[in-house]
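Visitor: Before we go through the terms one by one, could you show me the model that they are applied to?

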Amino acid sequence: MDPFVLGEGEDGEPAMEEAAHLVGLPETALPGEDEVPGSDDHLWMYDDGRIWDLGPADVDSDADGIPDSLTRTGPDGMTVYTDRDHDGRVDTVTRIGADGSYDAHRLDADTGNWVPTDSGRLD
C-alpha cells in the first residue's frame, strides 16, 4: 500500500494530489519551528524526503472537538488521513477500495515506516 497515492492521474497512473506547500516554503512550519498563522490545522506527511501539506483537517474522528482527519476520494476508492496525536503529522492512513477492500497503516515514529494494522473486506 502506498499511503501517499491520492488518486489516478490523467494517464491512469497513480498520482499525488497537488500539494499546497513543499519543504522550504515559508507557509509551512516544520516540526519544532514556530507555527505559521493559519497552518496549525493542516495535516502533513513525508514523501521521499519532502513534506506534503494535505490541507486542513475537516473531520473530528474521535469526538474530542478537534478536527483530526481528512478524506480524499478517487476512482479506486477513498483514503482517510488522520493525525491521532494532534501534532499536524498524519500518523494513520486508512484506504477503502471501490471493491470493498480496506487496509489501514500507522506511522512508526521511530523508523518512519508505515506499518500495516488491519485489512479485509467490507460486507
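**Exposure, pairing and the sheet**

Visitor: Why is Ala63 called exposed?

Guide: Ala63 has a relative accessibility of 69%, and since buried means under 20% relative accessible area, exposed over 50% and partly exposed in between (1.4 Å probe, protein chains only), Ala63 counts as exposed. Please keep in mind that this is a predicted model, in which local features need pLDDT of at least 70, side-chain atom pairs count only at pLDDT 80 or more, and totals for chains, interfaces and linings use all residues. Residues are numbered from 1 along each chain as its sequence is written, and side-chain values use heavy atoms, with hydrogens and water left out.

Visitor: Where is Ala63 found, and what is its phi?

Guide: Ala63 is in the loop between strand 2 (50-56) and strand 3 (69-74), where strands (E, at least two residues) are DSSP runs, numbered from the N terminus. Although Ala63 is not a glycine, its phi is positive, at about 55 degrees.

Visitor: What makes His86 partly exposed?

Guide: The relative accessible area of His86 is 34%, and His86 is therefore partly exposed. His86 lies in the loop between strand 4 (77-82) and strand 5 (92-97), and it has a positive phi of about 60 degrees without being a glycine.

Visitor: How do you know that strand 4 and strand 5 pair?

Guide: Two strands pair if DSSP finds at least two bridges between them; strand 4 and strand 5 have six, in the antiparallel sense, and Met78 stands opposite Ile96 in strand 5.

Visitor: What makes strand 5 and strand 6 a pair as well?

Guide: Strand 5 and strand 6 (residues 101-107) are joined over five bridges, again antiparallel, with Arg95 opposite Asp103 in strand 6. The two strands form a hairpin with three residues between them, and Gly100 in the turn has a positive phi of about 95 degrees.

Key. Helix = DSSP H or I, 4+ residues; strand = E, 2+ residues; numbered from the N terminus.
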